[in-house]
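Reader: Please take me slowly through one part of this model, and give each term its cut-offs as you go.

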Amino acid sequence: LQDVDIDKDAIIEVDSLVMDTNRFVASWKDMPLDITLTEFWILHAMVKRPGHVKNRDQLMEAAKAVVDDSTVTSHIKRLRKKFVAMDSEFDQIETVYGMGYRWKA
């Protein structure tokens with residue numbers, strides 16, 4: 001059995017968030033984040049480029065699922081609620097009115 005090379009591109013670390021795109025797991029401040037696969041991809045789309053606004057279409061595409069505008073909004077709300085449950089100070093996901101959402105840089 002040979003050692004599997006760790007795919008450095010599979011791990012994204014931004015602020016206190018760590019995401020592993022090979023295992024589809026995420027953690028915030030070293031605590032596991034209990035998120036769905038759709039939420040994982042939406043979050044991933046935002047943290048890949050902190051500070052850059054992602055519109056709903058881009059987030060739907062990133063989610064690799066057919067969802068409508070209100071579904072994206074619901075996913076964002078659930079993501080925020082899950083982060084706040086772990087960290088009452090959490091405010092990294094920013095709504096940019098009329099444009100979309102972003103992970104604060």
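**The antiparallel sheet and the helix on it**

Author: In the hairpin of strand 2 and strand 3, four residues lie between the strands, and phenylalanine 24 takes a positive phi near 55°. Strands here (E, at least two residues), like helices (H or I, at least four), are DSSP runs numbered from the N terminus, and two strands pair if DSSP finds at least two bridges between them. This is a predicted model, in which local features need pLDDT of at least 70 and side-chain atom pairs count only at pLDDT 80 or more, while totals for chains, interfaces and linings use all residues. Residues are numbered from 1 along each chain as its sequence is written, and side-chain values use heavy atoms, with hydrogens and water left out.

Strand 2 and strand 3 run antiparallel and are joined by four bridges; aspartate 20 stands opposite valine 25 in strand 3, and leucine 17 has tryptophan 28 of strand 3 as its bridge partner. Strand 3 is in turn joined to strand 4, residues 31–32, by two bridges, again in the antiparallel sense, with serine 27 opposite proline 32. The hairpin of strand 3 and strand 4 has two residues between the strands, and in this hairpin lysine 29 takes a positive phi near 50°.

These pairings belong to an open sheet of four strands, whose order is 1-2-3-4 and whose pairing is antiparallel. Strand 1 and strand 4 stand at the edges, and because each has a single partner strand, one side of each is left without a neighbour in the sheet. Helix 1 packs on the sheet, where it touches strand 1, strand 2 and strand 3, and its direction makes about 115° with that of strand 2; such angles run from 0 to 180 degrees between N-to-C directions, the axes being lines fitted to C-alpha atoms, for helices over the stretch in contact.

Among the buried residues of helix 1 are Phe40, Trp41, Ile42, Leu43 and Met46.

Histidine 75, in helix 3, is buried, with a relative accessible area of 9%. Beyond its neighbours within four places in sequence, histidine 75 is in contact with Thr38, Glu39 and Ile42, which are also buried residues of helix 1. From phenylalanine 24, histidine 75 is 51 residues away in sequence and 17 Å away in space, C-alpha to C-alpha.

Conventions: Contact means heavy atoms within 4.5 Å. Buried means under 20% relative accessible area, exposed over 50%, partly exposed in between (1.4 Å probe, protein chains only).
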